[in-house]
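Trainee: Before we rely on the labels attached to this structure, could we go through them one at a time and set each against its definition?

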Amino acid sequence: MKRKINENEQLFEILQSCVLVLNCPRLKHYPNKNFGSNLKAQGNDITVKLALDYARQAVKELDGVFIKSAGYCDDGIIFDVLVNNEEGEVTVKL
């Protein structure tokens, strides 16, 4: 018997996919060279605008996902994510 997934669980799973794609270095994942992001290639010197651009590029293949904004946190960058009009947060440690 299949268990029904509620909306909160779906949101959590999609946010976990965002974490995966944002943390994986771009061009390193075989067979899809477009998987991942360039966030960590810039190191700690990355600007918020550049991080936002890289994050949006990385999640563009995730259906219904949009990176709304970005900002610095203690040890990385925190992204506000819209998933089918529901809001969540994702943190990438640098």
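Trainee: What makes Ile 77 the bridge partner of Tyr 72 a part of strand pairing?

Mentor: Tyr 72 has Ile 77 in β2 as its bridge partner, and two strands are said to pair if DSSP finds at least two bridges between them. The strands themselves are DSSP runs of E with at least two residues, and helices are runs of H or I with at least four, numbered from the N terminus. This is a predicted model, in which local features need pLDDT of at least 70 and side-chain atom pairs count only at pLDDT 80 or more, while totals for chains, interfaces and linings use all residues. Residues are numbered from 1 along each chain as its sequence is written, and side-chain values use heavy atoms, with hydrogens and water left out.

Trainee: How do you know which strands are the edges of the sheet?

Mentor: The open sheet has three strands in the order β1-β2-β3, with antiparallel pairing. β1 (65-73) and β3 (86-93) each pair on one side only, and they are the edge strands. From one strand to the next the twist averages 25°, where angles run from 0 to 180 degrees between N-to-C directions and axes are lines fitted to C-alpha atoms, for helices over the stretch in contact.

Trainee: What links β2 to β3?

Mentor: Strand β2 (residues 76-83) pairs with β3 in the antiparallel sense over eight bridges, and Asp 80 stands opposite Glu 89 in β3, as Val 83 does opposite Glu 86. The two strands form a hairpin with two residues between them, and in that turn Asn 84 has a positive phi of about 50°. A hairpin through two residues also joins β1 to β2.

Trainee: Which values describe the packing of α1 and α2?

Mentor: Two packed helices are described by the angle between their axes and the distance between the axes. For helix α1 (residues 7-23) and helix α2 (residues 48-59) the angle is about 115° and the axes are 9 Å apart. Cys 18, Val 21 and Leu 22 in α1 meet Ala 55, Ala 58 and Val 59 in α2, contact being defined by heavy atoms within 4.5 Å.

Trainee: What makes that contact nonpolar?

Mentor: Its residues divide into six nonpolar, no polar and no charged, where Ala, Val, Leu, Ile, Met, Phe, Trp, Tyr, Cys and Pro count as nonpolar, Asp, Glu, Lys and Arg as charged, and the others, Gly among them, as polar.

Trainee: Why is Ser 37 called buried?

Mentor: Buried means under 20% relative accessible area, exposed over 50%, and partly exposed in between, with a 1.4 Å probe and protein chains only. Ser 37 has a relative accessible area of 4%, so the residue is buried. Ser 37 lies in the loop between α1 and α2, and among the residues it touches beyond four places in sequence are Val 21, Pro 25 and Ala 58.

Trainee: Why is Asn 38 called partly exposed?

Mentor: Asn 38 has 24% relative accessibility, and therefore counts as partly exposed. Asn 38 too has its place in the loop between α1 and α2. Leaving aside neighbours within four places in sequence, Asn 38 is in contact with Arg 26, Tyr 54 and Gln 57.
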